[in-house]
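Subject: A structure for you to look at

Hello,

Here is the structure I promised to pass on. Please open it and keep it beside this email as you read.

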Amino acid sequence: SWAAAAGEDSGATAGAAAAARVRKSAGRMLGLKGRLGLLEDPARPFEYPPAPSEEEAAADRRTARDMSVDGLVLVQNRGGVLPLSGGDGDGTAPPALLVVGPACDSLALQTGPWSVHWQGAANDGELDGTTILGGIVDAGRWNVTHACGTDSMGRDCDGAGSIGVAVAAARHADTVVLCVGEESAVEKPNDLDAAGPALPAGQAELVRRVAAAVPEGAPVVLVFVGGRP
């Protein structure tokens, strides 16, 4: 390590750095509690703020959208596949686009934890928004086919061999958008020590089989929706 190279005790240095980070983080948290008045009356009941006006709600939505965009990370764009080519409305048939995977049509997975509830939304009915699939369909530039593939735990969607259905659809696609991800959770339910960073086995199988089934030269865009804050 750099500490050992400098002739320092790496364990002691790491320990001091960790303690300094804890003090800094604790200072931020206590400062916020002080500004909110929680240090004077920590047990006071929470009072919900008044409902926002239409103008305020629209501004909040714009802010939420900007934050979501800032949270997107493009890991790789091999061959310049993105942005995807779509139909131009010139009368030619739009490209066949398969959208598949447990995260493509789930607002609950897409919004993650600390959204409606601590561990995320219980279901899509608690949320208002547009899924990945919905946004692609609304763009109107592709001939879109949707397949579930697996659920978020990697299990069959409907007991009818849903991975096989997705694989069959992939054989006829010009492009595949494959959306995988994690269950929304914080702390121990999604602790790396407990759950690990790997996809559920069924989702990993879905990725392998769909990627192997697409026509030669057809790109596969892999979208990972993280479930940890």
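Predicted model: local features only at pLDDT ≥ 70, side-chain atom pairs only at ≥ 80, totals over all residues.

The whole chain

The chain has 8 helices and 4 strands. Along the sequence they follow the pattern α-α-α-β-α-α-β-α-β-α-α-β. Of its 229 residues, 27% count as buried. The accessible surface is about 15,100 Å². Carbon and sulfur atoms hold 56% of that surface. Now take the contacts with a separation of 6 or more: 72% of them join residues 24 or more positions apart.

Helix α6

Look at residues 162–170, which form α6. Which of its residues are buried? They are Ser-162, Ile-163, Ala-166, Val-167 and Ala-170. Seen down the helix axis, these buried residues fall within an arc of 145 degrees, so they line one face of α6. The spacing is worth a thought. An α-helix has 3.6 residues a turn, so residues three or four places apart point the same way. What do the buried residues of α6 pack against? Their partners are β1 (96–100), β2 (143–147), β3 (175–181) and α8 (201–213).

Arg-141

Next, find the loop between α5 (132–139) and β2, where Arg-141 sits. Arg-141 counts as partly exposed because its relative accessibility is 32%, which lies between the 20% and 50% cut-offs. Beyond its neighbours within four places in sequence, Arg-141 contacts Leu-84, Ser-85, Gly-86, Gly-87, Asp-88, Pro-94 and Pro-95. Ala-93 is 48 residues from Arg-141 along the chain, yet their C-alpha atoms are separated by 9.8 Å.

Best wishes

Terms used:
Residues numbered from 1 in each chain as written. Heavy atoms only, no water. Buried < 20%, exposed > 50% of the residue type's maximum accessible area, 1.4 Å probe, protein only. Helix = DSSP H or I, 4+ residues; strand = E, 2+ residues; numbered from the N terminus. Arc of directions from axis to C-beta. Contact = heavy atoms within 4.5 Å. Areas by Shrake-Rupley, 256 points an atom, 1.4 Å probe, with all protein chains shown as cover.
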